[in-house]
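Here is a short briefing on helix packing, a strand pair and salt bridges. Keep the structure open while you read.

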Amino acid sequence: MANLKTISQFKARLAGGGARPNLFEVHIPSFPVAANQAGADWTSEAQEDFRFLCKAAALPASNNGVIDVPFRGRILKVAGDRTFDTWTVTVINDEDFVIRTQFEYWMNAINKLTNNSGATNPASYMVDAHVAQLGRGQFKEATQNNATGSDQTPLRTYTFKDIFPTNISQIDLSYDTGDTIEEFTVEFQVNYYTVGGSLEAQSGSETTAGDQTNEVVS
C-alpha cells in the first residue's frame, strides 16, 4: 500500500520548481568546410541570430533496439543496437533570410541543386551542435530570481555529433495568411550524441564546463 503524500512533500521533491520547455538555447559553433566553400558565411553575428531565432528544438530520445530470439514457443528478448533519431529545429524567418540561406548553402555543398555532385568526405560536411536546457535562476535550483542580469545556468547540455541537414522545410505563402511570421524547420541526421559539456564548446570538444552536474555520458 502506498503511503499518503502531501502537497508539501511534493513541493519539496520538485527540484527548482520544475524544468521549463521554453527555456533553452541551441548553438552551432561552426559550419563545415564544404559549406563554407559553397558560399556559407556562418559569422559570429549569424550564430547569435540563430540563438535568438531558433524557436523550437528537442532534447534527444535514447533508443536501444531489441533482438527477438525464439526458443521452444517463447521469445527471449535481448538488447540490440542503439539507434539515433533525426533532430529537428524550428527557425523564425526574418527579412534578410540569413539563417535559411546558410542552411541552403550547407545542403547545396552536400548535393548540388543543378547536378548530382557534392562533398564526398563526411568530415567536410558534418559538424557538432549543442542544445541546452536552461534554468530560471543564476545557478541550479536558485532560491531567488536572476536579478544581476548574468547568464542563465544550463541544467543539462546535449551535444549532437557529426550532424548534417537533410531537409529544409518549405515556407507556405498565401494571401489568406495574416498576423503571422514565417518560420521553417531544418531536419538533421545525427550519428550520436553526448550528455554534458558546455554550450560554448567548439566543434569536437568534450568539455564539461557548462553542466552543473559536470557529467558526460558518451
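In this predicted model, helix H3 touches helix H4 through Ala46, Asp49, Phe50 and Leu53. Their partners in H4 are Val98, Ile99 and Phe103. By class, this contact has 6 nonpolar residues, 1 charged residue and no polar ones.

**Helix packing**
- H3 covers residues 44-53, and H4 covers residues 98-110.
- The two helices pack at an angle of about 110°, and their axes lie 10 Å apart.
- H3 is therefore roughly perpendicular to H4, because angles of 65 to 115 degrees count as such.
- The crossing of H3 past H4 is left-handed.

**Strand pair**
- Strand E3 spans residues 63-71, and strand E4 spans residues 74-83.
- E3 and E4 pair in the antiparallel sense, over 8 bridges.
- Asn64 sits opposite Arg82 in E4.
- The two strands, E3 and E4, form a hairpin, with 2 residues between them.
- Arg72 lies in that turn and has a positive phi of about 50°.
- In a regular strand, side chains alternate between the two faces of the sheet.

**Salt bridges**
- How many salt bridges does a search of the whole structure find? The search finds 6.

Notes. Residues are numbered from 1 along each chain as its sequence is written. This is a predicted model: local features need pLDDT of at least 70, side-chain atom pairs count only at pLDDT 80 or more; totals for chains, interfaces and linings use all residues. Side-chain values use heavy atoms; hydrogens and water are left out. Axes are lines fitted to C-alpha atoms, for helices over the stretch in contact, and angles run from 0 to 180 degrees between N-to-C directions. Helices (H or I, at least four residues) and strands (E, at least two) are DSSP runs, numbered from the N terminus. Angles under 35 degrees count as roughly parallel, over 145 as roughly antiparallel, 65 to 115 as roughly perpendicular and the rest as oblique. A crossing is left-handed if the near helix is turned anticlockwise from the far one by less than a right angle, and right-handed if clockwise. Contact means heavy atoms within 4.5 Å. Ala, Val, Leu, Ile, Met, Phe, Trp, Tyr, Cys and Pro count as nonpolar, Asp, Glu, Lys and Arg as charged, and the others, Gly among them, as polar. Two strands pair if DSSP finds at least two bridges between them. A salt bridge is a side-chain nitrogen of Lys or Arg within 4 Å of a carboxyl oxygen of Asp or Glu.
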